[in-house]
Amino acid sequence: MKFPILKNKSANHHNCITCKKKLKSDFYVFNAGALKQITKDHQIMDKDLKGFCYINAHLDNELLYETLSVAESTPMGQFEIYTCSIQCMRKFFEKVFDEFSNKCLKKLEGK
Ligand SMILES: [Zn+2]
């Protein structure tokens, strides 16, 4: 799996991010982003917003820093990650955390 999963686009809603199967009528979505506050009770998507999802670590008493970009520069401040099943959603997040864990370990080994 190549990170960031999403860059300059909000989603791939045709295929499961994990197993690549074509999505049918049942699917799962992890959705995150920002909305622009218009009034006290009203928010909207906005073309000036860019979304992101990073995992960061401050390591070795903050001498080292590591990050994994999962999504960046997503239009309208939004992004969605589609899977065909909750198992594939779980596997997706496992891959995210495995990748980040490996990056952190390599950073600590290389200090
Ligand atoms: Zn799948």
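**Exercise 1. Which residues make up the largest nonpolar core?**

Solution. The model is a predicted one, in which local features need pLDDT of at least 70 and side-chain atom pairs count only at pLDDT 80 or more, while totals for chains, interfaces and linings use all residues. Residues are numbered from 1 along each chain as its sequence is written.

Step 1. A nonpolar core is a set of buried Ala, Val, Leu, Ile, Met, Phe, Trp, Tyr and Cys residues joined through C-beta atoms within 7 Å. A residue is buried if 20 or more other C-beta atoms lie within 10 Å of its own, exposed if 12 or fewer, and partly exposed in between, with C-beta atoms placed from the backbone.

Step 2. The largest such core has 12 residues, namely I5, L6, C16, I17, V70, A71, F79, I81, Y82, C84, M89 and F92. At least two residues of this core come from each of β6, β7 (78–83) and α1, and β7 gives the most, with 3 residues. Helices (H or I, at least four residues) and strands (E, at least two) are DSSP runs numbered from the N terminus.

Step 3. Leaving aside neighbours within four places in sequence, Y82 is in contact (C-beta atoms, placed from the backbone, within 7 Å) with A11, N12, H13, C16, I17, L23, F27 and V29.

**Exercise 2. Work out the order of the strands in the open sheet of 3 strands, and say what packs on the sheet.**

Solution. Step 1. Two strands pair if DSSP finds at least two bridges between them; in this sheet the order is β1-β6-β5, with mixed pairing. Because β1 (6–7) and β5 (50–59) stand at the edges with a single partner strand each, one side of each is left without a neighbour in the sheet.

Step 2. β5 pairs with β6 (residues 64–75) in the antiparallel sense over 10 bridges, and the bridge partner of G51 in β6 is T74.

Step 3. Helix α1 (residues 86–109) packs on the sheet, touching β5 and β6, and its direction makes about 145° with that of β6; axes are lines fitted to C-alpha atoms, for helices over the stretch in contact, and angles run from 0 to 180 degrees between N-to-C directions.

**Exercise 3. Is K9 buried or exposed, and which residues does K9 touch?**

Solution. Step 1. K9 lies in the loop between β1 and β2 (28–33), and K9 counts as exposed because it has 12 C-beta neighbours inside 10 Å.

Step 2. Not counting residues up to four places away in sequence, K9 touches T74 and P75. K9 and G51 are 42 residues apart in sequence and 9.5 Å apart in space, C-alpha to C-alpha.

Note on methods
Two residues are in contact if their C-beta atoms, placed from the backbone, lie within 7 Å.
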